[in-house]
Amino acid sequence: MKNKILVSLAAISLFSVGLVTASLAGRPPDFCTKKPIHPSCVTTTTTTTETTTTTEPPPSPTGLSVDRSTMQAVGGTVLRNDTSSQVDPRPGLWGVIACGATWTTNGTNGDNGRYVHKTSGGDVNLRADGQAQDNTAYRQLTVLDGDDFSGERCQLGRNSWIEGENTGTQTSGTFAIFREGERKITFFSVRLPTNFPLLNDRWQQIVQWKQAQPYTNDNRRDGADGVTLEIQIFLSKIRLMKFWETKWTTNAPPLGTWIRFAFDVTYSQDPTKGKIQLYVDRNGDGDFLEADEVSPVISGATMAYESGSSSIPVGQTIPNALMLGIYHDSIYPTTSIDVDNVQVVE
Ligand SMILES: [Ca+2]
Ligand SMILES: [Ca+2]
Ligand SMILES: [Ca+2]
Ligand SMILES: [Ca+2]
């Protein structure tokens with residue numbers, strides 16, 4: 001049985017190589033200016049035809065779910081936590097501040113303000129496990145116009161799986177890694193400043209669960225392309241995207257307000273196993289109860305696999321890593337986002 005699966009994976013892999021000619025470690029800086037323009041860059045958004053079943057959370061052996069009235073996890077354990085209490089987000093947490101052309105300071109309020117630790121005014125929501133945050137702090141990330149960190153990007157989180165998740169003073173790893181077969185819910189809060197650009201029609205990401213380095217050729221069993229999972233905000237919509245296809249949208253939240261998200265994902269390259277469901281307190285009133293605040297359960301692959309030579313055997317799933325902050329088309333001006341209260345629950 002196992003041999004059969006391997007043979008069929010190899011066949012799919014060979015087939016897909018013909019369809020996907022380039023490995024995309026990240027969206028290139030000219031992503032939305034190259035012809036043909038990618039669908040995610042234009043105003044007409046294609047609505048998915050993938051299976052949507054119910055607005056209830058996916059079934060889980062652990063009974064893990066999201067309580068829509070409290071915006072907390074039920075039945076899970078917090079694996080990773082960042083409430084912004086630590087000034088430098090790198091040691092033991094995100095590993096890198098992926099902002100600007102070079103990062104030369106000690107990570108504290110440095111590099112022309114691309115990263116700033118604020119001690120008051122943070123998200124006041126409880127953690128995913130119902131505990132209070134031990135602080136009023138938050139983190140502010142700013143992409144300066146013209147920055148180039150694989151494009152105009154300012155995000156927390158190392159794009160790597162090989163050193164694992166950071167512990168202690170470790171900075172060589174990343175904040176959170178997601179592997180084949182895992183079901184995890186990522187909770188986080190963001191606040192868009194009052195001058196946040198909502199009206200452009202170009203891609204603008206606020207968070208991604210991306211296939212992480214090192215890999216050689218990332219491939220998908222459905223022949224898709226792009227970032228495995230991400231949330232974008234442009235043209236006044238929050239956009240849940242999978243492999244560069246928009247799967248669900250809801251109206252953009254009010255600016256200047258902390259907005260809580262919970263992203264419930266079963267991570268798998270297998271389209272019959274992968275599932276996603278997004279919760280967002282879109283109106284900022286402290287719950288996920290409104291009808292436009294929960295996506296359907298969307299089935300399909302949520303991870304990519306290795307199809308070339310690298311440290312991952314061909315056919316095996318490439319782990320995803322969490323990266324939180326702004327990554328957008330170069331058409332945008334200098335843009336900030338506030339982030340806080342991040343937990344990964346299993
Ligand atoms: Ca906080
Ligand atoms: Ca709400
Ligand atoms: Ca409500
Ligand atoms: Ca720009």
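Mentor: Helices (H or I, at least four residues) and strands (E, at least two) are DSSP runs, numbered from the N terminus. This is a predicted model, in which local features need pLDDT of at least 70, side-chain atom pairs count only at pLDDT 80 or more, and totals for chains, interfaces and linings use all residues. Residues are numbered from 1 along each chain as its sequence is written, while chains are lettered from A and ligands numbered from 1 in the order in which they are written.

Trainee: In which strand is the place of Asn341?
Mentor: Phi of Asn341 is near 55°, a positive value in a residue other than glycine. The strand that holds Asn341 covers residues 335–345 and is S20.

Trainee: Is Asn341 buried or exposed?
Mentor: A residue is buried if 20 or more other C-beta atoms lie within 10 Å of its own, exposed if 12 or fewer, and partly exposed in between, with C-beta atoms placed from the backbone. Asn341 has 24 C-beta neighbours inside 10 Å, so Asn341 counts as buried.

Trainee: Why is Trp244 buried?
Mentor: Trp244 lies in the loop between strand S13 (237–242) and strand S14 (245–251). Trp244 is buried because the number of other C-beta atoms within 10 Å is 20.

Trainee: What separates the C-alpha atoms of Tyr279 and Phe263?
Mentor: Tyr279 lies in strand S16, residues 275–280. Phe263 is 16 residues apart from Tyr279 along the chain, and their C-alpha atoms are separated by 6.2 Å.

Trainee: Where is Pro214 placed?
Mentor: The peptide bond from Gln213 to Pro214 is cis, with omega near -5°. Pro214 has its place in the loop between strand S10 (204–211) and strand S11 (218–219).
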